[in-house]
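Please look at the sequence and the structure together, and keep both in view while you read the paragraphs that follow.

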Amino acid sequence: MIPVPSQVHIWLAVGRTDMRGGMQGLALQAQETLGRDPHAGDLYVFRGRNGNLIKTIWHDGLGMSLYAKRLEKGRFLWPPPADGTVSISPAQLAYMLDGIDWRNPRHTFRPRRAG
């Protein structure tokens, strides 16, 4: 899990992203396509064409970091391209990184009674 402070905004770049590029290419895409400053401290998440790879860039004030995660099975759930740019919470990012539907997480067990 990426240690994301609670005040950091997390932005999903909807649609497909060319995952061959590194942090400079993704930072340029955040600046040009999303219209945001990649050095402002926000976290940007990009998804590849197949849906099983995401890359995240984050400038923490000291430098730019690039994180990547590939799922062995399944895909990362992603909003449709018509949504534009989507902001999510750190908890929703944690669900996404675990391969859980971050839009509507559900508990698999619910106790019948307390105590």
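Leu-93 lies in helix 2, where helices (H or I, at least four residues) and strands (E, at least two) are DSSP runs, numbered from the N terminus. The model is a predicted one, in which local features need pLDDT of at least 70 and side-chain atom pairs count only at pLDDT 80 or more, while totals for chains, interfaces and linings use all residues. Residues are numbered from 1 along each chain as its sequence is written, and side-chain values use heavy atoms, with hydrogens and water left out.

Is Leu-93 buried or exposed? Leu-93 has a relative accessible area of 0% and is therefore buried, given that buried means under 20% relative accessible area, exposed over 50%, and partly exposed in between (1.4 Å probe, protein chains only). Not counting residues up to four places away in sequence, Leu-93 touches Val-4, Ile-10, Leu-43, Val-45 and Ile-88, contact meaning heavy atoms within 4.5 Å. Leu-93 and Trp-11 are 82 residues apart in sequence, and their C-alpha atoms are 9.8 Å apart in space.

The buried residues of helix 2 are Leu-93, Met-96 and Leu-97. They lie on the same side of helix 2, because they cover an arc of only 95° around the axis, the arc being that of the directions from the helix axis to the C-beta atoms. An α-helix has 3.6 residues a turn, so residues three or four places apart point the same way. Strand 1, strand 2, strand 3, strand 4 (64–70) and strand 5 are included in what covers these buried residues of helix 2. After helix 2 comes Gly-99, whose phi is positive, near 80°.

Now consider the nonpolar cores, each a set of buried Ala, Val, Leu, Ile, Met, Phe, Trp, Tyr and Cys residues joined through side-chain atoms within 4.5 Å. The largest has 18 residues, of which Leu-12, Leu-43, Val-45, Ile-88, Leu-93 and Met-96 touch the most other members. At least two residues of this core are supplied by each of strand 1 (10–13), strand 2 (43–47), strand 3 (53–59), strand 5 (85–88) and helix 2 (90–97), and helix 2 gives the largest share, three residues. Another core, of 10 residues, lies apart from it, and among its members are Leu-26, Ala-27, Ala-30 and Ile-57.

The structure holds one salt bridge, a term for a side-chain nitrogen of Lys or Arg within 4 Å of a carboxyl oxygen of Asp or Glu. Arg-20 forms a salt bridge with Asp-18, and their closest N and O atoms are 2.9 Å apart. Arg-20 counts as exposed at 76% relative accessibility, whereas Asp-18, with a relative accessible area of 46%, is partly exposed.
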